[in-house]
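Hi,

Here's the structure I promised to pass along. Have a look at it first, then read on for what turned up.

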Amino acid sequence: MTELEREAAALQERFGQPRGQPGPVAFTVSPLGGVVATLTVGVASAVVALQGAQVLSWVPRQDQPDVLWCSPLSRLGLGKPVRGGIPVCWPWFGPHADAALALPAHGFVRAVPWAVESADLRPGTASVTFAVSLTAAQQAVAGDVRARLRVNLGSDLEIELITTNNGAVPVSLTEALHTYFAIGDIGAVSVAGLAGQTYLDQLTGLDATQSGAITFDQETDRIYWDTSGKILRIQDEALGRSIDIGASGSASTVIWNPWHEKAVRLGDMPPDGYRTMLCAETANVGPRNAVSIAPGDTHTLAARFKSAKI
Ligand code: TA6
């Protein structure tokens, strides 16, 4: 047995549902080169890598394509996040506020191993919870905080990013579930639900107001402020499906498509990969929507996805 196979077998023995044999919660070695948990409920399935507690796949019904986009150029175990699925940006979103620290974009935890904390089954739902702690050096930057990520698969998919402040002083953090959705074609998709919202255009540095649904004909990188309670709908005419995105504990929404030139620069995305993906991210982005957590308190950022034929 390889080291990864031993790790998967040990997790299957301890957390597999039912214990020790493939079932609604199974741990295996992914072809991408890392251990993953596969949740199966009826005709739905989801795959989550222990690396980054990154959801890599969600198929709500076997007659539907994967709702999540993953680059065919990505692999696990390379010390960087898979380009796709749902990377966990925590305990900050984007570049760190103090550039002098030369810290990685999108926080400390996207590409590190998370521990499996629990797995459980309820009628119609399979769940798995992962946890990650910071090193002392990382805590000196971000505070004495700990994150858990809970994946709940039922007829929908729900992701909860749970932060606990174990320190003696309040902490301020920013965060995102940086979800890459698979779409038929970027030229035949729209995102409704943010009309009238103010956003920061990251490409120009200017604020603007959204008029109607969002459509795409160039690189798009926008942070929509104060979006609590908004429900987004990705209308995918090419695939003939809609994806509804609900959230709680989230005050920001990020919409991103790299378009061709940036897709090439990224290096872990096919040059035409931008045509079949779209990021709609459930977030709390600073400074306007940063989250403050009192000592001993917990904050949960949650996203809930529902896919339907149109
Ligand atoms: O969420 C949008 C964004 O902040 C973009 O500016 C772009 O950098 C994207 O995230 C991807 O970041 P990554 O570090 O994964 O290449």
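A quick definition before the helix: the expected span of a helix is 1.5 Å times one less than its number of residues. Keep in mind too that this is a predicted model.

With that in hand, take helix α1, which runs over residues 3–15. It has 13 residues and reaches 18 Å from its first C-alpha to its last, close to the 18 Å expected. Which residues of α1 are buried? They are A8, L11, Q12 and F15. These cover an arc of only 105° around the axis, so they sit on the same side of α1. Over on the other side of α1, E3, E13 and R14 are exposed.

The residues around the ligand are R83, F93, H106, R110, H178, D221, V254, W256, K262, L266 and E281. By type, that shell divides into 4 nonpolar, 2 polar and 5 charged residues.

Some side chains put an N or O atom next to a ligand oxygen:

- E281, at 2.8 Å from an oxygen atom of the ligand
- H178, with a polar side-chain atom 2.9 Å from a ligand oxygen
- R83, where the distance to a ligand oxygen is 3.0 Å

How much of the ligand does the protein bury? Taken alone the ligand exposes 390 Å², and 81% of that is buried by the protein. As for where the shell comes from, the elements that give two or more residues to it are β19 (252–257) and α3 (259–266).

Cheers

Key
Residues are numbered from 1 along each chain as its sequence is written. This is a predicted model: local features need pLDDT of at least 70, side-chain atom pairs count only at pLDDT 80 or more; totals for chains, interfaces and linings use all residues. Side-chain values use heavy atoms; hydrogens and water are left out. A residue is near a molecule or strand if one of its heavy atoms lies within 4 Å of it. A polar contact is a pair of N or O atoms within 3.5 Å; within protein, one must be able to donate a hydrogen and the other to accept it, and residues adjacent in sequence count only if both atoms are side-chain atoms. Accessible areas come from the Shrake-Rupley method with a 1.4 Å probe; for residues, only the protein chains shown count as cover. Helices (H or I, at least four residues) and strands (E, at least two) are DSSP runs, numbered from the N terminus. Ala, Val, Leu, Ile, Met, Phe, Trp, Tyr, Cys and Pro count as nonpolar, Asp, Glu, Lys and Arg as charged, and the others, Gly among them, as polar. Buried means under 20% relative accessible area, exposed over 50%, partly exposed in between (1.4 Å probe, protein chains only). The arc is that of the directions from the helix axis to the C-beta atoms.
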